[in-house]
Amino acid sequence: MTGTEVSGHDEAEALKSVVRRNTEQVQGQGDFALFEELFADDFVDHTPQPGTTPDKAGVLVLYKRLRGAFPDFRPEIHWQTVDAGIVTTFKTYHGTHLGEFLGIAATGRVIQFETVDAMRVRDGRITDHWGVANLYSVLQQLGQLPNP
């Protein structure tokens, strides 16, 4: 193995670490001071959620809404890959519905849903996001849609 390969591996691990810290510490523990460190000021969300804006402030609103709706919000990362500075993460979120979410009043139900995120990391900061969350499953678990 050459030094270049090791360096590439180390760089990929560093990029994954930034996204992992966001997932585990910001989303999972509500560390919003760390959020400020990890997200670039010119961050762009290419798939913003309803009721948010496609910028850093919009993501902060989303994260705070999730923690308000699911105070025990816990991410479980299954795998991460890196390609051209973009970290793709497949994860499952877990939580107890104790606050309003998607216009649905608290039900007390325990839910889980899968998400795939792609985040570009430059100079140790998240600059872009694309993502898909299985919100259909959340609506089923909260009794808003019929189960299959």
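Biologist: How much accessible surface does the protein chain have, and what share belongs to carbon and sulfur atoms?

Modeller: In this predicted model, the accessible surface of the protein chain is about 7,700 Å², and carbon and sulfur atoms account for 53% of that.

Biologist: What makes the radius of gyration of the protein chain agree with that of a compact globule?

Modeller: Set the two values side by side. For 148 residues, a compact globule would come out near 15 Å, and the protein chain has 16 Å, so the two agree. Along its principal axes, the C-alpha trace spans about 55 × 30 × 25 Å.

Biologist: Okay, and what share of the residues is buried?

Modeller: Buried means under 20% relative accessible area, and 41% of the 148 residues in the protein chain are buried.

Biologist: Why is L98 called exposed?

Modeller: Exposed takes over 50% relative accessible area. L98 has 51% relative accessibility, so L98 counts as exposed.

Biologist: Where is L98 placed, and which residues does L98 touch?

Modeller: L98 sits in the loop between β3 (86-96) and β4. Leaving out residues up to four places away in sequence, L98 touches A69, P71, A106 and G108. A contact takes heavy atoms within 4.5 Å. There's also R67: 31 residues from L98 in sequence, with 9.6 Å between their C-alpha atoms.

Biologist: How do you know what share of contacts joins residues at least 24 apart in sequence?

Modeller: Start with contacts in the protein chain between residues at least 6 apart in sequence; 53% of them join residues at least 24 apart.

Biologist: What elements does the protein chain have, and how do they run?

Modeller: There are 4 helices and 5 strands. Going from the N terminus, the order is α-α-β-α-β-β-β-β-α.

Biologist: Which element gives the most to the lining of the largest pocket?

Modeller: That's α3, with 5 residues. At least two residues each come from β1 (39-45), α3 (56-69), β4 (110-122) and β5 (125-133).

Methods:
Residues numbered from 1 in each chain as written. Predicted model: local features only at pLDDT ≥ 70, side-chain atom pairs only at ≥ 80, totals over all residues. Heavy atoms only, no water. Rg over C-alpha atoms; globule rule 2.2 N^0.38 Å. Buried < 20%, exposed > 50% of the residue type's maximum accessible area, 1.4 Å probe, protein only. Areas by Shrake-Rupley, 256 points an atom, 1.4 Å probe, with all protein chains shown as cover.
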